Amino acid sequence: MNSLRTLQEEHIFTVSELTRDIRLILENTFPKIWVEGEISNFTRHYSSDHIYFSLKDESSILPCVMFKMKNRNLKFDLKDGLQVVAGGRVSVYDKQGKYQLYVESLEPKGLGALQLAFEQLKQRLAKEGLFDPEHKKPIPVLPAKIGIVTSPTGAAIRDILNILKRRFSNLEVIINPVRVQGEGAAEEIARAIQEFNDFKNAEVLIVTRGGGSLEDLWEFNEEIVARAIYNSKIPVISAVGHEIDWTIADFVSDLRAPTPSAAAELVIGEKEKIISEVNDLLGRLNNAFLNRIEILSKELCSLKESYALRQPMNFIKQRQQELDELIQALGKSGNNFINFNTQRLAGLSGRLEGLNPLSVLSRGYSLSLLLPSKEIVKQAKILKEGDLIETKVAEGNFISEVKEIKNE
Amino acid sequence: MSEIKFEEALKKLEKIVKELEEGNLSLDDSLKKYEEGIKLTSLCSKKLEGAKRKVEILVKKEGGKIESEPFKG
């Protein structure tokens, strides 16, 4: 081969010329393409925030770069091993003589970017303990003030206020208005929760918005909202979207309601339950008390007869007097519950009087005691002919002998 | 006199009702418990009626001040 003559006829490139020509060919051939592969050699330059990685498959490897401008909107985290689809253009990095994919967009393969971000954040926060059931606070049973973090013009607040209006409830509602979707809404939501905590002007919070797509609900998946809910000293009920929607806020909150209406129901429902509970207790209180008094007055008669006979007036009268004094005192209280009951008590006092053994005697009844045991004779069959009985009437007592038992 | 909380009052009321229902109290104790029960019921119902109905919205004014206004849904 005559190399000298061949060299004079060929064009001799400079390195830069060749590199530039290669670059132009590549740029023209691959101006915008999609490539799928596995991420490897992933690094992020801390100073510039540019991302460098390679996409690889079984036999080849493709160097990639994603500059800060393009990568700052990525919702999910990149790491080696992740399968992705990258969109961008091919060019050459002259200084290193290598071709690269300049990545403009990146999607996880098989899963939406938002869904992957959701899964990653959910795992990370779960591991940190933000969803722990032990950390969840109970919802107060009788809140007087409810704080609501929501859009003032959305469907959620309308639904909630309708329910509160339809039911009788006396509640104070304070709305801290926020945007519930779009860039920056998460910060507003977090700040609103913080403000309720700072001013302590609510006993329970409802963080809520109406239904929408994953993108619409996204702000309730942001970490800043999760942390604001976790750190809230006021219990938080979350109600985001429809029944099937679960956001990170729903996992962190102290109680998740499937819809905004359900959240209102949860808050009120407790109160209605309590009201009927108190009414029940009042009913039981009255019945138990009156039953007890009846039993006691019967016992007074049957158990204390002999004692009462020995000290006839004092014992009964004392008890009656105490009861009358109580009725007087309760009657002065001016309370409806008590007034209603004093009427029943007054009726009872009358019944007590009637059960007083001595007033029974004064009506002509007598009391007989079998001698010598002094057992009170209530039935004729405990007697036999020849028994001696002591009989007490209103004034005085006498002893007689049983001549005949008659059964009626 | 400091008022007891609602939840406490309710618990005490339940206890008193059970004691009266169990049925072994003397007349004196029955009267005492009944009176206390009525007082507790009265307290509970006061707290249940307590709050007023109000819907307000927070408005951020200049200088970082936050005020509340009635909300017209």
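**Figure 1. Overview of chain A in the predicted model.** The accessible surface of chain A comes to about 23,100 Å², and 53% of that area belongs to carbon and sulfur atoms. The structure shown is a predicted model. Chain A contains 13 helices and 14 strands. Of its 408 residues, 41% are buried. Among the contacts in chain A with a separation of 6 or more, 60% are between residues 24 or more positions apart.

**Figure 2. Overview of chain B.** Chain B has an accessible surface of about 4,800 Å², with 50% belonging to carbon and sulfur atoms. Its secondary structure consists of two helices and two strands, which follow the order α-α-β-β from the N terminus. Buried residues account for 34% of the 73 residues of chain B. For contacts in chain B between residues at least 6 apart in sequence, 36% join residues at least 24 apart.

**Figure 3. The largest pocket and its lining.** The largest pocket holds about 460 Å³ of space. Its lining comprises 20 residues, and those nearest the pocket centre are A:Leu74, A:Lys75, A:Trp218, A:Glu222 and A:Glu223. By residue class, the lining divides into eight nonpolar, four polar and eight charged residues. Three helices of chain A, namely helix 4 (113-128), helix 6 (185-199) and helix 8 (223-231), each supply at least two lining residues. Helix 4 of chain A gives the most, with five residues. Rolling a probe the size of a water molecule over the atoms shows where empty space is left.

Figure 4. A:Leu116 is placed in helix 4 of chain A, the element that gives the most residues to the lining of the largest pocket. The relative accessible area of A:Leu116 is 12%, which is under the 20% limit, so the residue counts as buried. Apart from neighbours within four places in sequence, A:Leu116 is in contact with A:Phe76, A:Leu82, A:Pro108 and A:Leu111. A:Leu116 and A:Asp77 are 39 residues apart along the chain, and their C-alpha atoms are separated by 8.6 Å.

Figure 5. A:Val178 is found in the loop between strand 7 (172-177) and helix 6 of chain A. With a relative accessible area of 8%, below the 20% limit, A:Val178 is therefore classed as buried. Not counting residues up to four places away in sequence, A:Val178 touches A:Val149, A:Thr150, A:Ser151 and A:Pro152, together with A:Glu188, A:Ile189 and A:Ala192. The C-alpha atoms of A:Val178 and A:Ala190 are 9.6 Å apart in space, and the two residues are twelve residues apart in sequence.

Figure 6. A:Lys200 lies in the loop between helix 6 and strand 8 (204-209) of chain A. The phi of A:Lys200 is positive, at about 50°, although the residue is not a glycine. Its relative accessible area is 67%, which is over 50%, so A:Lys200 counts as exposed. Most residues other than glycine have a negative phi, and most peptide bonds are trans.

Figure 7. A:Asn41 is found in strand 1 (residues 33-44) of chain A. Its phi is near 50°, a positive value in a residue other than glycine. The peptide bond from A:Leu371 to A:Pro372 is cis, with omega near -5°.

Figure 8. A disulfide is a covalent bond between the sulfur atoms of two cysteines. Over all chains, the structure holds zero disulfides. A:Cys64 has a relative accessibility of 3% and is buried because this value is under 20%. B:Cys44 has a relative accessible area of 0%, which is likewise under 20%, so B:Cys44 is buried.

Methods. Residues numbered from 1 in each chain as written. Chains lettered and ligands numbered in written order. Predicted model: local features only at pLDDT ≥ 70, side-chain atom pairs only at ≥ 80, totals over all residues. Heavy atoms only, no water. 1 Å grid on protein atoms, 1.4 Å probe; cavity = no way out; pocket = protein on both sides within 12 Å on 5 of 7 lines; lining within 4 Å. Points joined across faces, edges and corners; volume = space filled by probe spheres on them. Helix = DSSP H or I, 4+ residues; strand = E, 2+ residues; numbered from the N terminus. Nonpolar A, V, L, I, M, F, W, Y, C, P; charged D, E, K, R; others polar. Buried < 20%, exposed > 50% of the residue type's maximum accessible area, 1.4 Å probe, protein only. Contact = heavy atoms within 4.5 Å. Areas by Shrake-Rupley, 256 points an atom, 1.4 Å probe, with all protein chains shown as cover. Disulfide = S-S within 2.5 Å.
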